[in-house]
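Dear colleague,

Please find below the structure I wished to pass on to you, with its sequence. My notes on what was found in it follow directly after.

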Amino acid sequence: MRRRPATATFAALTALAALAAFATGCGSDDDNQPDPLRGQQWGLDALKMQDAWSVSKGEDTVIAVVDTGVDPDHPDLKGRLVDGYDFVDNDDEPKDLNGHGTHVSGIAAAHTDNGIGVAGGAPGPKIMPVRVLGADGSGADANIAKGIVWAADHGAHVINLSLGESGLMARLLKGGILNQAITHANGKGAVVVAAAGNDSTALQPYKIDTPVLVVNAADRTGLPASFTNFGAQNAVTAPGVDILSTLPTYTTKETLKNLSGYGKLSGTSMASPYVSAVAALLHHQGLDPAAIMQTIRDTAANPQQIVKLGLGNVDAAAAVKVAKDK
C-alpha cells in the first residue's frame, strides 16, 4: 500500500513577501524580533496559539515529522532539528527532496520571534525529521511503520503523520500495519497526531482502538474545508487552508516556481502539525499521551455540531489552561 502527503493545493507567496522574509537577516528565538510574515499566519490566531504561549512554549519536547524529510539549512528551521533518519535511502541524512516535510515542520515549530520568516505553532520544541516518503511524495506502509517506531524509540514525544491513503483499500485496511506502530509509539510515551485526508469523504482511517488523534481541516471561517475527510472517531479540527510555512530553499516538487523558502499549502497535512504543536505545549506541562489527547478533545469547540468538524476546532489557549489547572 502506498501513501502520499495529505496536501490539497499549493500557492506561492508573492516575490515581495518572500523578499521581506529574508531581508531581516539572521536571528534567534531569544531576539524577540517579530517574524515579518507572521501577519499572514491566520491559523495561529484561530488556534489562539499566542495566548497559549504565555502558559507553555513546549520546551524539552521533540516532535517527529514522519514525512518527506526536511531542508536542514533552512534559516527558519536550522538549529531546531535533532538527529533523524532516512528510510527511503537508508541513511542518517533525511533531506527533503519533495518539500512537504519542510512545510509541515515549519508549521509545527519554526523559529519564532527571531526576525525571520514565519512563526511556528510552538516556539520551544525540536523537530526530528524522519523521511519515509520519496521525492514523488509516496511511500510504503512498511517504511512508514518503521519510521514511527524509530521515532518513538529515539525519544520523540509527539509524532506527526501528515499523510494518507484514499480509495477502497484505505477503507478495507484502516491503517494496516500502522496501527501496531502507533500503538508501540503510544506505549513509549509518544502522542501520535494524524491527518484525516483530503477526499471530502467519511472515513475511519485507523482501527477504533488505535491511540491516535486524527485531525480534520477548517478554513478561515472555522467551517470544514471543502476537501477534508471526516468521520474518524473523536477527531478534532485545525486550520488547513492557505497555510503559510517554510519550504526548501532549493528545487523540489513543491518549489519548482518558488525558491523563496516560504509558501502556502492547503490540506489536512497542514492541520495536523498545528495540533502536534498544541500536543507539545501540553507535553511540556507534564501530561501523558492519553491526557494530552483527551485535553485537546475536551477543549475543542463545535457549538453548531457540524459533523465534518468532529469534536470541533482546537483551542490551544483553553487546552493549556485546563492542563495548568489540573
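Tyr85 counts as partly exposed in this predicted model, because its relative accessibility is 22% and the limit for a buried residue is under 20%. Phe87, by contrast, is buried, its relative accessible area being 11%.

These two residues also belong to the aromatic contacts. Two aromatic pairs were found when the whole structure was searched. In one of them, the ring centres of Tyr85 and Phe87 lie 4.8 Å apart and the ring planes stand at 65°, so this pair is edge-to-face; the angle required for that class is over 60 degrees. Through ring pairs, Tyr85, Phe87 and Trp150 are linked into a cluster.

A further aromatic residue, Tyr250, has Lys95 lying over its face, at 4.5 Å from the ring centre.

For Val275, leaving aside residues up to four places away in sequence, the residues touched are Val193, Leu213, Val215, Ala238, Ile296 and Val314. As general background, nonpolar side chains in soluble globular proteins tend to be buried together.

With kind regards

Notes: Residues numbered from 1 in each chain as written. Predicted model: local features only at pLDDT ≥ 70, side-chain atom pairs only at ≥ 80, totals over all residues. Heavy atoms only, no water. Contact = heavy atoms within 4.5 Å. Phe/Tyr/Trp six-rings, centres within 6.5 Å; stacked < 30°, edge-to-face > 60°. Buried < 20%, exposed > 50% of the residue type's maximum accessible area, 1.4 Å probe, protein only. Lys NZ or Arg CZ within 6 Å of the ring centre and 35° of its normal.
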